[in-house]
Amino acid sequence: MNLYQDIKATAQAYWITLRNMFRKPVTIQYPEQKRVPFERYRARIVLTRDPDGGERCVACYLCSAACPVDCISMQAAEAEDGRRYATWFRINFTRCIFCGMCTEACPTRAIQMTADYEICRRDPLTLVYEKEDLLIDGPGKEPDYNFYRHAGIGVVNPRGQGEEERPPADVRSLLP
Amino acid sequence: MPTLTIDNQTVTVPDGTNVLEAAQQLGIVIPHFCYHEALGAVGSCRLCAMKFEQGPVKGIEMACMVQAQDGMVVSTVDAEAQELRAAVIEWLMLNHPHDCPVCDEGGECQLQDMTIAGGHGIRRYRGKKRTWINQDLGPFIEQEMNRCIQCYRCVRTYRDYCGGDDFGVMGSRNRVFFGRFKEGKLESPFSGNLADVCPTGVFTDKTCRFRSRSWDLQEAASICPHCSLGCSVIPGARYRELQRVRSGINRQTNGFFICDRGRFGYGHVNHPERPRTPKLQGADAAWPEALQLARRRLTDIAAKVGPEAIALLGSPRASLESLALLHDWAKQLGGARFCGDPQPGRDRAARQLTALLGSRARSLEDVRRSDCLLLVGSDPLNEAPLLGLAVRQAARRGARVIVIDPRPVELPCNFQRLSTGPEELPQRLEHLVSTTEPTDDLSTLRTLLHQAERPILCGGGDLLGEVGIRQLAAAADHFGTGLFVTLGGPNSYGAALLSGDGPDADQLCEEMLAGKIRALVCLENDPLADGPQRMARALGKLEFLLILDHAPNRLSRQADVFLPTTTVAEGSGTLVNNEGRMLSFSTVFNPGIPLGISSEGGHPPRSFSPTTAGGEPRPAWAVLAQLRGENQSPEMIRRKLEGRDSRFAGLSLLDPDGEGQRVRGGGHPAGSHDQSFPHPAPEGSLPLLVVEQLFGSEQLASLSPALDAVQPDPQVLLHPETAAARGLKEGDTIALHTELETFSLQLKLNAAMTPGLLLATRLRDTPLELFAPGSPTPCLVGKGGGDA
């Protein structure tokens, strides 16, 4: 009985090896040869700009709150035109687990994930990305969205002149 | 005591409780906006709908508008009530903008919580939203009217509770606007409370605009260090920077609100010039070196000249723990001189109060519930603003308020003013209790105080002095009432209890001048700014000067040894407020140079260091323990103090979130002291009274950049009659010649003050800082004069 089992197992193993010898290999010769990931692949994080070229990030701290490994930190400030922006914005990619929670939390579509998966360095400090390393020139996904056009606080268009807004109310009017 | 059933749970509540409060007692959360414990219910937000199933009221009602009655059966989960609440919150949200990411309220937004709790999750309204033009409301409050949901809390707080009249509601139908008639600074000293009460982001704290989210802030229950009332506050810090202060809740002291000095005076903690390293004669040094030198020099002097040659000078802004260690150290050294307060006048007043208060002590809550208040020598809005707010609450309930003061005192309520000179205050009190002159202007006051059920005599320690406080206590006994006297600093009472009948700073100064005292240890005080006037000369006679402080101290460079300590927010401890209530505070954050300063606005450094930049300050109790060569914890200090001194029983059990506990037993008045002027007043001179101002006088708050915008200009007040007699008119620059200094100030006339008196506010970094608040100095007035 045992002898039969042994012969069967040996033959089966050889058969599997033999069968795979004629298959196309799945491994590629990285880094000479590179794989193209899917569009929604979750890798290196970037900060995008709105279609008008302004920074989309309003430093609302939601990404840093959502981040399960606490790798995002920033400081908000107010620009002269009333725009809220990040004076500095830091992502520590040695800590990032590329879970994508930050992009889900982002209310302005500023923080987005790209397909650039090649993030390894010899010096860990070079993986701590500052705002200038993160900010890209384009809008990324949802290219037409500009948060300030919908916020109603009057940064890119005068108050009360946005698409979803009525002109400012006249406090002194007594009309019914 | 009605008993009612809410969601199948039975609860018995006191009479006059509404159903919403009864539900809260059971832990049932019902969305609501307009109801607030301090403001009451108005039933305007229509959100707290409940179904009344049985009992005297039937059907859907607003829970905040229905008094709890026996036999009520109420359901909060009834389908009809839930549907109504969801509909109401949807209406309230119709015009609410899509700007939560840039709204400072985000993270602590009651509107967001209530929207979700009300059952409205997804917006259906696709129409256009109403917008507003905002107003600039000054340096403290930022307005964003688009977010308003018309709950009226701001108006009810600002106008009704705080008595401000420059802010209100205007407009009609859905154009109801909450703001000022014209743009401008909010004038009430309680304007910061708008940021606390607004359930959404219409009014936010401008000083921490866009700085942090509430979830990122390190917060802990603390005590406000800016006056003697000990209001409960919750400071919030991030990246080693104290970024905001919001009001805590202590129903015995401040209730739910704080003043703008307490809220925006936090800048001293982040001050760029704050000394953060130990110094030896101005040069930076390491802790072990500095401690060793200080210890050696003090033991040398104690051995060479005797322990009496060492003076330990405490401060009303030091915690009870550090003062107790300092006091104990004096004994350990073999009888070194100890004094708890560098300002002799305030010190003597505080000690007199500790000796007399006992069962006469009243709390701010008692003041709010009083029916007749007599304020003697007290200017609440400038000296202790929350007392002014408490007086207003009493007045709103119908209390009579009478003010006897030489200053043009203003209060946020109606009151009767009896003008008097600063030195006549004790006599006036004496007349009040004597029945020999029944028909003077005090007779109505006498009748009022006799008729009132819960009268309270309020006083200001600065103007009353120790004689006045004695008279006030005598008057309180005569009318069978209690006392509420404001003192100089947050721990004046504790310092006075420990000082007992020991020397005051004047005596120490004399002994220093006489060469008897060779070494001085200053705990968290600046003897040049707050000490007796001869202090500058006396300091020159010292062999050794040790300073422990956290504020930029004038002597930090001159001192032989300077040791940096932590602020109230950076450590834990206990303060004893003006009614003898021990209030403990806990650590909010650890000291260090704020990231915003060390990184100069850029990103944090890209290098690692095991130590925190500027993290060297240590709690004063820890430094004192190290100086004594001991290893102590605040708990050990508290337990030892309790064991040694039964007055502080219960100290170690205090809860920073609790209401505190009164000390048991009183102190001693200071020893007798000659208080007459060193020289008779010169011919034609007027008494110059230098008094505290809301902004600019208190040392720590004056270091706060947020308050720079409201810093008053130095000026001197005079009654129009006195001015006319001397040929002076409004706007004149007059030269004031005092024994201390000659300086010129702009003249302002005020008819509400006492004639024959010069009145100036004690502003920091001006010559007026040198004058002891509340004690008049003879002053010659001349026209013109050079620069101040």
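Predicted model: local features only at pLDDT ≥ 70, side-chain atom pairs only at ≥ 80, totals over all residues.
Student: How many bridges join strand β30 of chain B to strand β35 of chain B?

Tutor: Strand β30 covers residues 686–691 of chain B and strand β35 covers residues 777–783, and the two run antiparallel. In this pairing, Pro687(B) stands opposite Pro778(B). The number of bridges joining the two strands is three.

Student: In what order do the strands of that barrel of chain B come?

Tutor: Six strands take part, and their pairing is mixed. From one strand to the next, the twist averages 45°. Going around the closed barrel of chain B, the order is β30-β34-β31-β33-β32-β35.

Student: Chain B also has an open sheet, so to speak; which strands stand at its edges, and why is one side of each left without a neighbour?

Tutor: The open sheet has five strands with parallel pairing, in the order β21-β20-β19-β22-β23 of chain B. Neighbouring strands here are turned by 20° against each other on average, direction ignored. An edge strand has a single partner strand, so one of its sides has no neighbour in the sheet; the strands in question are β21 (416–419) and β23 (482–486) of chain B.

Student: Which residue is the bridge partner of Cys372(B) in β20(B)?

Tutor: Look at the pair β19 (residues 372–376) and β20 (residues 400–405) of chain B, which run parallel and are joined by five bridges. Strands of a sheet pair through backbone hydrogen bonds, either parallel or antiparallel. In β20(B), the partner of Cys372(B) is Arg400(B).

Student: Is helix α9(B) roughly parallel or roughly perpendicular to helix α16(B)?

Tutor: Two packed helices are described by the angle between their axes and the distance between the axes. For α9 (residues 344–356) and α16 (residues 492–499) of chain B, the angle is about 80° and the axes are 8 Å apart. Angles of 65 to 115 degrees count as roughly perpendicular. That makes the relation of α9(B) to α16(B) roughly perpendicular.

Student: What share of residues 80–119 of chain B is helix?

Tutor: UniProt, in an unreviewed entry, places the feature "domain: 4Fe-4S His(Cys)3-ligated-type" on this stretch of chain B. Its end C-alpha atoms are 13 Å apart, and 0% of the chain there is strand. The helix share is 57%.

Student: What is the largest C-alpha distance among Cys67(A), Cys96(A), Cys99(A) and Cys102(A)?

Tutor: The unreviewed UniProt entry has the feature "binding site" at these cysteines as well. One of them, Cys96(A), is found in the loop between β3 (84–92) and α3 (101–105) of chain A. They are spread over 36 residues of sequence but cluster in space, with a largest C-alpha distance of 10.6 Å.

Student: Which residues of chain A lose the most area to chain B?

Tutor: The contact takes 46 residues from chain A and 43 residues from chain B. The area buried between the chains is about 3500 Å², with carbon and sulfur atoms giving 52%. Together, three residues account for 18% of what the chain A side buries: Arg84(A), Arg159(A) and Arg166(A).

Student: What is omega for the cis peptide bond that joins Tyr30(A) and Pro31(A)?

Tutor: Most residues other than glycine have a negative phi, and most peptide bonds are trans. Pro31(A) sits in the loop between α1 (2–20) and β1 of chain A. The bond joining Tyr30(A) to Pro31(A) is cis, with omega about 5°.

How values were computed: Residues numbered from 1 in each chain as written. Chains lettered and ligands numbered in written order. Heavy atoms only, no water. Pairing = 2+ DSSP bridges. Helix = DSSP H or I, 4+ residues; strand = E, 2+ residues; numbered from the N terminus. Axes fitted to C-alpha atoms, helices over the stretch in contact; angles between N-to-C directions. Parallel < 35°, antiparallel > 145°, perpendicular 65-115°, else oblique. UniProt positions renumbered as here; feature names shortened; annotations may be inferred. Contact = heavy atoms within 4.5 Å. Buried area = accessible area lost by both parts, 1.4 Å probe.
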